[in-house]
Every structure is written in structure tokens, then in C-alpha cells.
Amino acid sequence: DGTVSAVVGTHTHVQTADDQILPQGTAYLSDAGMTGPHDSVLGREVEPVIKRFLTQMPQKFEVATRNVQLCGVLVDVDENDGKARKIERLRVPWNG
């Protein structure tokens with residue numbers, strides 16, 4: 001804390017709600033979330049993944065296309081001292 005402006009983690013899953021500015025000025029968020037189809041299993045259609053899990057039989061995992069979202073974070077950093085002033089989670093639907 002205080003050595004870097006921000007620490008943002010991700011494991012390509014669900015965005016966490018623990019965004020904060022630490023006491024020495026580092027912005028922190030455990031998981032920025034996944035960018036891609038939200039109604040999916042890690043970006044793949046749900047049904048074949050469940051079928052594979054239940055039957056242990058090979059399945060073709062097609063890329064899911066419903067409810068695509070961009071998840072991320074904006075951090076406002078003071079240009080003079082490098083300390084974070086604000087951190088804001090983003091979750092933006094895409095209707096391409």
C-alpha cells in the first residue's frame with residue numbers, strides 16, 4: 001500500500017465489490033470481472049458444459065453470445081504523488 005497506484009486482480013470470473021482506496025493511497029479491487037458473455041460458463045454455452053460434467057462424454061463447447069458485458073475498473077490517480085483518488089467498478093452491457 002502506497003508503493004503502487006493500484007492493484008487490480010482478475011480470474012476472469014465475477015467482479016467483486018471490494019473496491020477501495022487503502023490507507024496509503026493504493027486503489028484495490030480483488031477481481032475486475034470477465035469481459036464476454038455473462039450467461040455462460042467461462043464464455044462457453046452452458047448446456048454442453050453441464051452435459052460433459054454429468055456424463056463425462058465429449059462435447060463441443062461453442063462460444064456463448066448472450067448478454068455480453070465488459071467488466072473493468074477506472075482509477076483516478078493524482079499526477080503529483082501517484083496516489084489513487086478514486087476507484088470505480090465498470091460493468092457495461094454490449095449490444096453489438
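Student: In which sense do strand β5 and β6 pair, and over how many bridges?

Tutor: As a general idea, two strands count as paired if DSSP finds at least two bridges between them. Strands themselves are DSSP runs (E, at least two residues), helices are runs of H or I with at least four residues, and both are numbered from the N terminus. In this predicted model, strand β5 (residues 68–77) and β6 pair in the antiparallel sense over nine bridges. Within this pairing, Val73 stands opposite Arg89 in β6.

Student: Before we continue, how are the residues numbered, and what limits apply to a predicted model?

Tutor: Residues are numbered from 1 along each chain as its sequence is written, and side-chain values use heavy atoms, with hydrogens and water left out. Since this is a predicted model, local features need pLDDT of at least 70 and side-chain atom pairs count only at pLDDT 80 or more, while totals for chains, interfaces and linings use all residues.

Student: What do β5 and β6 form, and how many residues are between them?

Tutor: β5 and β6 form a hairpin with six residues between them. In the turn, Gly82 has a positive phi of about 75 degrees.

Student: Which residues have a positive phi although they are not a glycine?

Tutor: Leu42 has a positive phi of about 50 degrees and is not a glycine. Leu42 lies in the loop between β4 (36–37) and α1. Asn67, likewise not a glycine, has a positive phi of about 55 degrees, and Asn67 is found in the loop between α1 and β5.

Student: What is the order of the strands in the open sheet?

Tutor: The open sheet of three strands has the order β1-β3-β2, with mixed pairing. β1 (6–8) and β2 (20–21) are the edge strands, as each pairs on one side only. β2 and strand β3 (residues 27–29) pair in the antiparallel sense over two bridges. Here Gln20 has Tyr28 in β3 as its bridge partner.

Student: Where is His11 found, and how far is His11 from Gly33?

Tutor: His11 is found in the loop between β1 and β2, and its relative accessible area of 56% makes it exposed. His11 and Gly33 are 22 residues apart in sequence, and their C-alpha atoms are 7.3 Å apart in space.

Student: Which residues make up the largest nonpolar core?

Tutor: In general, a nonpolar core is a set of buried Ala, Val, Leu, Ile, Met, Phe, Trp, Tyr and Cys residues joined through side-chain atoms within 4.5 Å. The largest one here has five residues: Ala27, Leu29, Ala32, Ala84 and Ile87. β3 and β6 (84–93) each supply at least two residues of this core. Contact means heavy atoms within 4.5 Å; leaving aside residues up to four places away in sequence, Ile87 touches several residues, among them Gln20, Tyr28 and Val73.

Student: How many salt bridges does a search of the whole structure find?

Tutor: Side chains of opposite charge can pair when their charged atoms come close. A salt bridge is a side-chain nitrogen of Lys or Arg within 4 Å of a carboxyl oxygen of Asp or Glu. A search of the whole structure finds five salt bridges. One of them joins Lys60 with Glu62, the closest N and O atoms being 3.4 Å apart. Lys60 is exposed, with a relative accessible area of 63%, whereas Glu62 is partly exposed at 41%.

Student: Which residues do salt bridges that share partners join into one network?

Tutor: Arg85 meets Asp76 in a salt bridge of 3.1 Å, N to O, and Arg85 also meets Asp78 in one of 3.6 Å. These shared partners join Asp76, Asp78 and Arg85 into one network. Asp78 is buried, because its relative accessible area is 18%. Asp76 is partly exposed at 34% relative accessibility, and Arg85 is partly exposed at 49%.

Key. Buried means under 20% relative accessible area, exposed over 50%, partly exposed in between (1.4 Å probe, protein chains only).
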